[in-house]
Amino acid sequence: MKKVYYLKTCNTCVRILKELNLSSEFILQDIKKEPITVKQLDEMHALSGNYQSLFSKRSKLYKEMGLKDQVLEERDFKNYILEHYTFLSRPVIIVDNEIFIGNSKKTVDAVKTKIS
């Protein structure tokens, strides 16, 4: 499977997609238009090992909801990601059975290495 979960309105996601110049084999899913399903999140979880790694603590809602002052458990991370798309750390890129989460240079370079 070759898939990218991203936000079309996120300049960073758009820049990374442009930089990666992905082949047409990749399925792009704009998570605002087409929300993540439980099955999709479970697939990401199986590859990443936990929901926390998929969760964005940089989301505005994270601060607004006071989540930074709470102790969150795995089920909380899962529920929040399913509840609102901004809680997914973006982009999430799946290449075969490998998952790449987030927009750090290291992550983007790892994707480049994987797809080259």
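Reader: In what order do the elements of the protein chain run from the N terminus on?
Author: The order is β-α-β-α-α-α-β-β-α, with five helices and four strands in the protein chain. Helices (H or I, at least four residues) and strands (E, at least two) are DSSP runs, numbered from the N terminus. This is a predicted model, in which local features need pLDDT of at least 70 and side-chain atom pairs count only at pLDDT 80 or more, while totals for chains, interfaces and linings use all residues. Residues are numbered from 1 along each chain as its sequence is written, and side-chain values use heavy atoms, leaving out hydrogens and water.

Reader: What does the radius of gyration say about the protein chain?
Author: The radius is taken over C-alpha atoms, and the globule rule is 2.2 Å times the number of residues to the power 0.38. For 116 residues a compact globule would have a value near 13 Å, and the protein chain, at 14 Å, agrees with that. Its C-alpha trace spans about 40 × 25 × 25 Å along the principal axes.

Reader: How many of the residues count as buried?
Author: Of the 116 residues, 40% do. Buried means under 20% relative accessible area, exposed over 50%, and partly exposed in between (1.4 Å probe, protein chains only).

Reader: Which residues of helix H2 are buried, and where do they sit around the axis?
Author: Here is the general idea: an α-helix has 3.6 residues a turn, so residues three or four places apart point the same way. In H2 (residues 38-48), the buried residues are Gln40, Leu41 and Met44. They cover an arc of only 95° around the axis, which puts them on the same side of H2; the arc is that of the directions from the helix axis to the C-beta atoms. Lys39 and Ala46 are exposed on the other side of H2. The cover over the buried residues of H2 includes strands S1 (2-6), S2 (27-30), S3 (92-95) and S4 (98-101), along with helix H4 (74-83). After H2 comes glycine 49, with a positive phi near 95°.

Reader: Which residues of helix H5 are buried, and which are exposed on the other side?
Author: In H5 (residues 105-115), Thr107, Val108 and Val111 are buried. Seen down the axis of H5, these buried residues fall within an arc of 100°, so they line one face of the helix. Lys105, Lys106 and Thr113 are exposed on the other side. Helix H1 (11-20), S3 and S4 are among what covers the buried residues of H5. Take threonine 107: its relative accessibility is 17%, which is why it counts as buried. Apart from neighbours within four places in sequence, threonine 107 is in contact with Phe100, Ile101 and Gly102, where contact means heavy atoms within 4.5 Å.

Reader: What should I look for in the backbone angles?
Author: Most residues other than glycine have a negative phi, and most peptide bonds are trans. Asparagine 21, in the loop between H1 and S2, has a positive phi of about 50° although it is not a glycine. Aspartate 96, in the loop between S3 and S4, has a positive phi of about 55°.

Reader: Are asparagine 21 and aspartate 96 exposed or partly exposed?
Author: Asparagine 21 is exposed, with a relative accessible area of 65%, whereas aspartate 96 is partly exposed at 41%.

Reader: Which residues does a cis peptide bond join?
Author: Arginine 90 and proline 91, with omega about -10°. Proline 91 is in the loop between H4 and S3.
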